[in-house]
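Welcome! Here are a few exercises to work through with the sequence and the model side by side.

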Amino acid sequence: MISNWHTIKNRLLAEKNHSIASVYNQPFHIHCLLVLHILQRTRFRPLSLNIPKPLFPLAGQPMVHHPISACKRIPNLAQIYLIGFYEDREFALFVSSISNELKVPVRYLREDKPHGSAGGLNNFRDFIMEDDPSHIFLLNCDVCCSFPLSDMLEGHKSYGGLGTNLVNKVSPELASQFGELVADPVTNELLHYTEKPETFVSDRINCGVYVFTPEIFTAIQGVSMQRKERATLRRVTSFEALQPANRNLPTDFVRLDQDILSPLAGKKQFYVYETMDFWEQIKTPGMSLKSSGLYLAQYRIISPDLLASGDGSKNATISGDVYIHPSAKVHPTAKPLDCAGKCVDVEITAKCILLYSSWLADVH
């Protein structure tokens, strides 16, 4: 942590020639850091057969681009880390491009083995803490939402806890597919958390977006130490050790939901920030279409320049939220229609050529 003004002054002078946020005139600079957790999934096939799922385009941008671009709204962002199992070469070009675009250092860190959502964070603790961040954001890559990160940060500071979790309200029928939680309606303290319960607990669910103070590492390391102590004290026969109930997780494998959120709920350590905006989990190919539509609608508010326009005279007739890649060629008579002849939100990707006909909603 930055402890005094002299440390701050020296750090700001050292960073003057780097494109990290414009913080030079701020006497008490707060570093923020974004960590994106990237997992390899099979349920997204066949769309992920030839391209890593995080780089699959949604609304004209790679899936991972949307949460990363949201970080531009975080004050004084210092560094972005992408953590995953993909080969480094698969992300090299994207990392270079997004670093130049955001003017913020972006780095891909490859896990050598599964460590869990919290264990993966702790595995790269030295990298994450090298700039002494005061706050750390952790986002899951396969989440589609408005990412209200700045508002979350302000809420987190006011709560004064170890971490704050973005939550959303869903129907009781869908709630069991996610981590369900109960929070104090006045203080927003997380009181109870359970991952995919068999019986209904709450219609508030975990959105997979978090902000922590660096003390999160103490909590993660505490779980690892407890496992080591139990392994040392436990004496079981070889037969008992083979039973599923007695199989121990590796000491460095720590799950954020079951191992951190559940035990610390109700102890004034974790709080929630509820979003009223859209939220979806991108697990299957079908969800990519819905997520593209949600992001296209969001462009209307935050990036209207990315949406196409036209009245059919010189350009194609555009109705709805439509993204057309700069390399695509669209004839003026073409119209975005679905199979029922209705106007739709659609994305036209690179090197696509559309002539004298309507295009369908599944054109990607």
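Helices (H or I, at least four residues) and strands (E, at least two) are DSSP runs, numbered from the N terminus. The model is predicted, so local features need pLDDT of at least 70 and side-chain atom pairs pLDDT 80 or more, while totals for chains, interfaces and linings use all residues. Residues are numbered from 1 along each chain as its sequence is written, and side-chain values use heavy atoms, without hydrogens and water.

**Exercise 1.** Find where lysine 103 and asparagine 76 lie.

*Solution.* Start with lysine 103, in the loop between α3 and β5 (106–110). Its phi is near 60°, a positive value in a residue other than glycine. Next, asparagine 76 sits in the loop between α2 (65–70) and β4 (77–84). Phi of asparagine 76 is also positive, near 60°. Finally, asparagine 76 has 13% relative accessibility and therefore counts as buried (under 20% relative accessible area, 1.4 Å probe, protein chains only).

**Exercise 2.** Work out how α4 and α8 pack.

*Solution.* First, take helix α4 (residues 116–123) and helix α8 (residues 216–233): their axes are 10 Å apart, at an angle of about 115°. Axes here are lines fitted to C-alpha atoms over the stretch in contact, with angles from 0 to 180 degrees between N-to-C directions. The two helices are therefore roughly perpendicular (65 to 115 degrees). Then look at the contact (heavy atoms within 4.5 Å): Ala118, Leu121 and Asn122 in α4 meet Ile216, Phe217, Ile220 and Gln221 in α8.

Methods
Angles under 35 degrees count as roughly parallel, over 145 as roughly antiparallel, 65 to 115 as roughly perpendicular and the rest as oblique. Buried means under 20% relative accessible area, exposed over 50%, partly exposed in between (1.4 Å probe, protein chains only).
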